[in-house]
Amino acid sequence: MEKKVEESRIEQVYQVRPEHLNGAGRLFGGKLMEWIDELAGLVGIRHAQQDVITASVDNLRFIRGAYLKDLIVLVGRVTFVGKTSMEVRVDTYVESLDGTRKPINRAYLTLVAVDADGNPVRVPGLVIETGAEKAEWEAGMKRREMRKQRRVEGF
């Protein structure tokens, strides 16, 4: 069975509240990481139709800060799948009241589908329909090889 990228895509919106701020008055990076991991997990569950666990987080890049009352939009999609794992890209934006979005973060997470006993299970394949999806797939293959190399090197 295969699924299209759009079938598991999720967009989530949060508003930055006082409890989300760090000592410098910006959105706490750990809170954003929590939101990213949660969204990626939901994308993974939608794609795999199974429970998933986060195996790794790659390329968590903070581009700019977010502040009190900012609207934060997270968009997650599957970019690459293996046998039991999948890569999920999560883009994070600050959205102004007129709907303009400015990127503040991009992350790639690797998730593994698991059964009730926590054993890895097969995930559906991914139908690639657009040039952008093909480019993401190819980049995902490269990131997968880099993750394998890092494991060989011990980190």
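Me: Which residues of H3 are buried?

Reply: Glu133, Glu136, Gly140, Arg143 and Arg147. Buried means under 20% relative accessible area, exposed means over 50%, and partly exposed lies in between (1.4 Å probe, protein chains only). Helices (H or I, at least four residues) and strands (E, at least two) are DSSP runs, numbered from the N terminus. One caution on the source: this is a predicted model, where local features need pLDDT of at least 70, side-chain atom pairs count only at pLDDT 80 or more, and totals for chains, interfaces and linings use all residues. Residues are numbered from 1 along each chain as its sequence is written, and side-chain values use heavy atoms, with hydrogens and water left out.

Me: What do the buried residues of H3 pack against?

Reply: Start with the general idea. An α-helix has 3.6 residues a turn, so residues three or four places apart point the same way. Contact means heavy atoms within 4.5 Å. Here the buried residues of H3 pack against helix H1 (5-8), E3, E4, E5, E6 and strand E7 (125-127).

Me: How do I check the length of a helix, and what span does H3 reach?

Reply: The expected span is 1.5 Å times one less than the number of residues. H3 (residues 131-153) has 23 residues and reaches 33 Å from its first C-alpha to its last, close to the 33 Å expected. H2 has 20 residues, and its end C-alpha atoms are 28 Å apart, which agrees with the 28 Å it should span.

Me: Where is Arg147, and is its side chain buried or exposed?

Reply: Arg147 lies in helix H3. Arg147 counts as buried because its relative accessibility is 10%. Now look for its polar partner. A polar contact is a pair of N or O atoms within 3.5 Å; within protein, one must be able to donate a hydrogen and the other to accept it, and residues adjacent in sequence count only if both atoms are side-chain atoms. The side chain of Arg147 makes such a contact with the side chain of Asp58, at 2.6 Å. Beyond four places in sequence, Arg147 touches Ser56, Asp58, Glu87, Thr110 and Gly140.

Me: Which side chain makes a polar contact with that of Tyr108?

Reply: The side chain of Glu136, at 3.2 Å. Tyr108 is found in strand E6. At 6% relative accessibility, Tyr108 counts as buried. Leaving out residues up to four places away in sequence, its contacts include Ser56, Asp58, Val88, Glu136 and Arg143. Tyr108 and Ala40 are 68 residues apart in sequence, yet 8.8 Å apart in space, C-alpha to C-alpha.

Me: How much space lies in the largest pocket?

Reply: About 230 Å³. Of the 15 residues that line this pocket, the closest to its centre are Ser56, Thr110, Arg147, Lys148 and Arg151. E3, E5 and H3 each give two or more residues to the lining. H3 gives the most, with five residues. The method uses a 1 Å grid over the protein atoms alone: a cavity is a set of points where a 1.4 Å probe fits but cannot get out, a pocket is an open set with protein on both sides within 12 Å along at least five of seven lines, and lining residues have an atom within 4 Å of a point. Grid points are joined across faces, edges and corners, and a volume is the space filled by probe spheres set on the points.

Me: Which residues touch the most other members of the largest nonpolar core?

Reply: In soluble globular proteins, nonpolar side chains tend to be buried together. A nonpolar core is a set of buried Ala, Val, Leu, Ile, Met, Phe, Trp, Tyr and Cys residues joined through side-chain atoms within 4.5 Å. This core has 30 residues, and Leu32, Ile72, Leu74, Met86, Val88 and Val90 touch the most other members. Strand E2 (10-15), H2, E4, strand E5 (85-95) and strand E6 (101-114) each supply at least two residues. The largest share, seven residues, comes from H2. Leu74 is in contact with Leu32, Trp35, Ile36, Leu39 and Val90, among others beyond four places in sequence.

Me: Which residue follows H2, and what is its phi?

Reply: Most residues other than glycine have a negative phi. Gln49 follows H2, with a positive phi near 55 degrees. Gln49 counts as exposed, at 54% relative accessibility. Lys69 also has a positive phi, about 75 degrees, although it is not a glycine. Lys69 lies in the loop between E3 and strand E4 (71-81). Lys69 is exposed, with a relative accessible area of 62%.
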